[in-house]
Amino acid sequence: MSSEDAFWKTISDKLKRQKSVVEKAHERKLQEVDGSFFERFGSILHERSESEKKRDLQNHVRATKASVRFLPRAFLHQDYEDSQPPQEADSEPEPEIELNEEEIDNQIIITNVNKEFSSSADSEQDEKDDSHYYSGMNLDELYLEVLYQIHHNVGCDVTFELGETALLSYVQDAFKMSNEKHNQLLTAAQEREPPELLLNVEVIEAKDLIAKDSNGLSDPFVTLYLQSNSSRRYNSSVKMETLNPVWEEHFALPVMNESCDDILYIEVWDFDPAETMREKFGKILKVKGLRGATRLIKEMAITATMGQHENELIGIAKIPLKTIPSSGMLMWYSLDRKYKMARQGVIKLHLSFGSEKNCQVAAQEHRHLLNLLLLHELETSQIGPYEWDGKFGSQAEAIIMQHKIQSGLCPTEIDFVQWAAYTFVQKEHPLSFGLYLKLLTKISKHLCAPSRNEESVKIFWTFTKKLLPSCIGLIRKVRKRPHDKKTAEQIADVLNILLQLMCLQQPFDSDLFPTNLYPWLISYEEEKPRSISNVLNAAVVKGGKDWLQFILERTEKQDNSVDETLVYFHKVVQIVRSDLQRAVEYDKMFQRIMNLEYAKTLYNLYQLEISNLIEDELISICKSLKTFAYDWNCLSQSDSNDHMSLGTRLFELYLALQRFVCLGTTLSGDDDFRIRNCHTWFQGGVEQWLDIAVVRAMQRIEKAVELDDLSPIDESVKYSSSALDTLTIFHQIKIFWDQLNWPDIESSYSFVAKIIDDLCRCCLFYADKMATRVDGMGDITDNYERRFEVTKEWCLAINNIDYVCQSLKPFTEELQLNSLIQQLAEIRNPLEAERCNDTLQNVLENALDTIQNKIVELLETVAMKMSPAMKKLLIEGAEILHQDSNSIHRVMRYLDNNLATLYEELNEDNFNRILDIIWGNLGNILYDLIHSNIDKRRPPAFFSNLKATLQLMVKSFKHTDETTDSEVLAKIEWLLTVNGMETNELIHQVHIERWRDQLELKSSPYGELTVRLQFLNNDLKVEIINARNLIPMDSNGFCDSFVRVCLLPEEKFTNISKPRTQTHTKNLFPLYDETFTLNLTSGQRNLPDGLVVFCVKDRDFLGMSNQFIGEAFVHLKDIPDTTANIKTLSQVHLFLSRPSNLTTDCITALENRQGDKLAKEFLKRLKQKSSGSPIS
Amino acid sequence: MSGRVNMRPTNKNALLKVVILGDGGVGKSCLMNRFVSNHFDEHSFHTIGVEFLNKDIEIDNESYTLQIWDTAGQERFKTLRTPFYRGSDICMLTYAIDDKSSFRNMNMWKNEFLYYADIKENSSFPFIVVGNKSDVSIEEREVSQLELETWCNENGIASCIETSAKNASNVQEAFKMAVQHWLRAESRADRTECTYSDTVDLSKKQSDVRNSCCAGATDD
């Protein structure tokens, strides 16, 4: 893998480099051919989907953050306030994605559509409120009451900051009272007697009291009274033997309104009973039950404070009423004692003001007041819908507070009143859901308490019904809300509200979701009870459906063209997907709070709708793609650009769908949704695309070859731009395939096979185009000659093809065949997978072979083109009679130059290949030359010159001696040798061959000769002993034989006699027994190829024409050089032979020397010998 | 790769793309395997999509390399096989002679081929009809020779043959017939521009040179 990685890396590096250099224009030109066909489907598509993914990731991060932000809040409603989200903990800027224009367009489309949806009129008229609760309270009365309360302000907090006048003008404003009316009512209020106000004191507990009794403990009780009315004392119960008593007792002390400077005294005493312990216990035992005991102890305490007993004071706390805020307070006070510095302990009190009033009336008053002020508040403060969180302006706050106190409403009542007041306005003036949640949290406690008031429960549910439509509405119409944190918070609040409501016991008598308020519920899940969770679910579905409906209606096609349809589909899928993404953000909230699979529910809905919308049409579109036919044979620029953009749209849609499905799969797990198979809708389209891609690729290759200047891209490589361009196309196809991420294995296999086959075809096409491109290059024509020189362009062309070819295999690896095969093995079986693998490999190997052939073909073309020049130079070199080195060198120089270029430019493999080819061609040329020139009867010098050239070339060519065609070479060399020999040399060569042939004989029809031979210094001693089995030559069946001894080559031994034996008549086994001595010079004796020939002849009757029986040869080098007596040497048996093969190269060469007398003579004699005819 | 270096590739033949079509189970793969490797497997599998093999064949002293695409006959593989029709030189329509319906379906196959291969002048395209499983007994035979010939005549197809991949009868002949048929169609169509024709020419030249070379070596 790593080597392949490296390979691709270099490619991409090269691509980059190419881009970085001036080549951009080049690239543009190329892409113009087909309008960036491949980039569209490859890298551009890729980039786009990458950024989509990025955005998804971001969204995901955002969603996670969001859920983190909301969850604690959702769970810990108990201390809701404390868990305010850590504000803007995540305020670090989110990485912005760079969107290209088209994406931005898409985003804008989506946003716009959603916006439009938000602003679109609500389909149904908002729920009519028929249960009018406003029981027409007299506004004047309420106003009077408020004015009265302002006038008799209570508590410390209000009056100091807000003047009475300011408050008065505020209420006048809020109640929209005319001045006249205001003054009239104000006077009336002032005339009313002051209210009776009560100070409510709850004595809760004390701590760290000092011990008063001997046992180290005290028996504390509390006495409380107002300074202005000290005779009216209130006592708590006595807590026995403790320093940390807990009382939790309530007291209401009437307060005179005019005595604002009054002080509340809290005294803690140690109870000291007068009775003895026994008495005390006796009394206690008589009392029945705990309550009795308490009363008894209380009685005792009262008497104690009246001074009848010696009770001991523990400490006093003095609280001026001014310090008590009207809203009440809970406080620890320290207990002091005169003259004592040390603290006597602390006591916890709850202090508040109240009044005596009819509770129902007060609650109703309060509700109306709240409503009035709330509306006024909303009006004046310009708070947007869903934002008001319960905080009034300070004036309103003061007035409400006053009313609360002066009407004597308890907190529980106030909660209910608020719930009623706030939910009442929800329809017209939606308030923050957080506010409701906060209230509901408080109220649900009351509702669960055993002491709850059935009346208020009923009211609670009545008003809850007013809130619910808004809650459900938010869920249903969440898409109309801005996609921001606030909306998410609202959803969380709503879900929590619903959760709390669900936890409460719902009233049986009232329908929470009446059909008149929820008309859309009718069509949904009729059979299911309208429980909160079911309605929520229905709201989610309905919301999704309505929205989708709107999107589909809104996102209109401009016309019904295929193109427009695809754009439309794409847009819809994009929008739906972005909505689903938003749903994913909310999903966790829904799941954790309401246990509802929000996003999955929506996905299920969307996928079905999308499937219904797209599937059939898409399949037919893919089918129709076929109709734009293109001509395979005519690859010229066709006008199918339209169709191409169609293709682009098709795959954009495909990718959008894939992303949608991908998103959905994470939600739905393994559930088998229909859209899962959406890729099959595109099957036909992919096929068509692949077909078109081949045509496009070829077009582009053609252009690339045309644009190629046939110079290396840079110094480090030996290929030129078109090779890279071609690979770029492949690369883009690969990216496209990666993009498709085709889910079905079997069809993947088929597609991959198709891609490989197609790419191979493109490779071949490239090779052809490249060959055509360089054809004609390197032909040099000048005044003297036409010849071909190998050019760099040729080499580059070959390298280009080779480079592309070599890239094929790694490229197919990139298609991930292995994993494909593995998956096939899993879903089918290993055997079939193996066969598929074989097929893929076969296709690939086949292509590689074919391209290799192409390369070899091209190499051969180069070699062929070199042939004429080489032939010509060879002839010229050979013809020059006086061979000078120059002529040979001209051939060598030509070869040298061209081979140098080839060596320089080609890679090693191809260089070796072409070397082989050139060498083979050279052989052929020489062969042709020899034959044609033998026919032309060239002089031997011609051939020997050629031979010299050949030997030179062999030396330079064959650095290794292992050659494939050495036989041919040897043959050529031999022919050249033979034809280059002088005639007498040739004749001797014939004799030498005869001698060699004789050595091979195992028997002879002509008989055998027995001789002994010996060198004694330079004297050759020849003893001819006998002959055996001579062939009968005469009609009587016998021979009259004799033997003549000659030395060859004849011209070297002209001074030597040729002795002969006696003739032995009528004898086939003659005993000659004669010895001759021939005196040779040392030069003769040491001739390298000297031969002794014994010629056995049949003496003719007349002695005129002796018949040739046979001859035998002995090489001089085989004759022992010894001083021993010749009789002691071993006998040599020689088979007699006649020349049989008259077609050897030497003889042919001799025959070709027609004008040569010597040759003619020799041949004549040879033929006579051969036929055994008489020799003259 | 390196093993190949210096070796001069031998197959410099004309390349012919042959597509074998026909119903599932008529023995397309068997035909191919018999032809290419002379091997018959009684229990062969369904072909997934396509399979591919090469085979050199010699006709009239001329060598051809057949690139045989064996396709899956099952309907569910239709989308997997059709992409390979384009660029075919020869289409071999097959049926089993013991299966009438496979014979009837040949119309469908022919049309599918013409459609996906984008053949315009369909009359001149070299189809060859092969009735496989000629080894079955006479009782089992459902398609007669006459029916075959009639169908071919009606459809303007000149070549048809009955084969048996099982006992290797007529398999070689079928492919040879296919190539010969192609040759005839080729000469009729008289296509001037064809990428393969170059290859043929060059190989011819090459072999001419070789021949003279060899002759020279032995005759002298």
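**Conventions.** In this predicted model, local features need pLDDT of at least 70 and side-chain atom pairs count only at pLDDT 80 or more, while totals for chains, interfaces and linings use all residues. Residues are numbered from 1 along each chain as its sequence is written, chains are lettered from A and ligands numbered from 1 in the order in which they are written, and side-chain values use heavy atoms, with hydrogens and water left out.

View 1. Chain A has 34 helices and 17 strands, and chain B has seven helices and six strands. Helices (H or I, at least four residues) and strands (E, at least two) are DSSP runs, numbered from the N terminus. Along its sequence, chain B reads β-α-β-β-α-β-α-α-β-α-β-α-α. Buried residues (under 20% relative accessible area, with exposed over 50% and partly exposed in between; 1.4 Å probe, protein chains only) make up 53% of the 1176 residues of chain A and 48% of the 220 residues of chain B. The accessible surface is about 54,200 Å² for chain A and about 10,300 Å² for chain B; the areas come from the Shrake-Rupley method with a 1.4 Å probe, and for residues only the protein chains shown count as cover.

**View 2. The sheet of chain B.** Six strands of chain B form an open sheet in the order 2-3-1-4-5-6, with mixed pairing. Two strands pair if DSSP finds at least two bridges between them. At the edges are strand 2 (50-59) and strand 6 (159-162) of chain B, each pairing on one side only. Neighbouring strands are turned by 25° against each other on average, direction ignored. Axes here are lines fitted to C-alpha atoms, for helices over the stretch in contact, and angles run from 0 to 180 degrees between N-to-C directions.

**View 3. Strands 4 and 5 of chain B, with helix 4.** Strand 4 (residues 90-96) and strand 5 (residues 127-132) of chain B run parallel and are joined by six bridges. Cys91(B) stands opposite Phe127(B) in strand 5. Helix 4 (residues 106-117) of chain B lies across strand 1 (14-22), strand 4 and strand 5, at about 160° to strand 4.

View 4. What does Phe113(B) touch? Leaving out residues up to four places away in sequence, its contacts (heavy atoms within 4.5 Å) include Val19(B), Tyr85(B), Cys91(B) and Phe127(B). Phe113(B) and Tyr422(A) have the most contacts inside the largest nonpolar core, which has 269 residues. Such a core is a set of buried Ala, Val, Leu, Ile, Met, Phe, Trp, Tyr and Cys residues joined through side-chain atoms within 4.5 Å.

**View 5. Thr71(B) in strand 3.** Thr71(B) lies in strand 3 (residues 62-71) of chain B. Is Thr71(B) buried or exposed? Thr71(B) is buried, because its relative accessible area is 1%. Its side chain reaches the backbone oxygen of Ile20(B) at 2.7 Å. Among the residues that Thr71(B) touches are Lys28(B), Thr47(B), Gly49(B) and Arg81(B).

**View 6. Leu902(A) in helix 27.** Leu902(A) belongs to helix 27 (residues 885-905) of chain A. Leu902(A) counts as buried because its relative accessible area is 0%. Its C-alpha atom is 8.2 Å from that of Thr791(A), 111 residues apart along the chain. Leu902(A) touches residues including Val790(A), Cys795(A) and Phe911(A).

Definitions and conventions:
A polar contact is a pair of N or O atoms within 3.5 Å; within protein, one must be able to donate a hydrogen and the other to accept it, and residues adjacent in sequence count only if both atoms are side-chain atoms.
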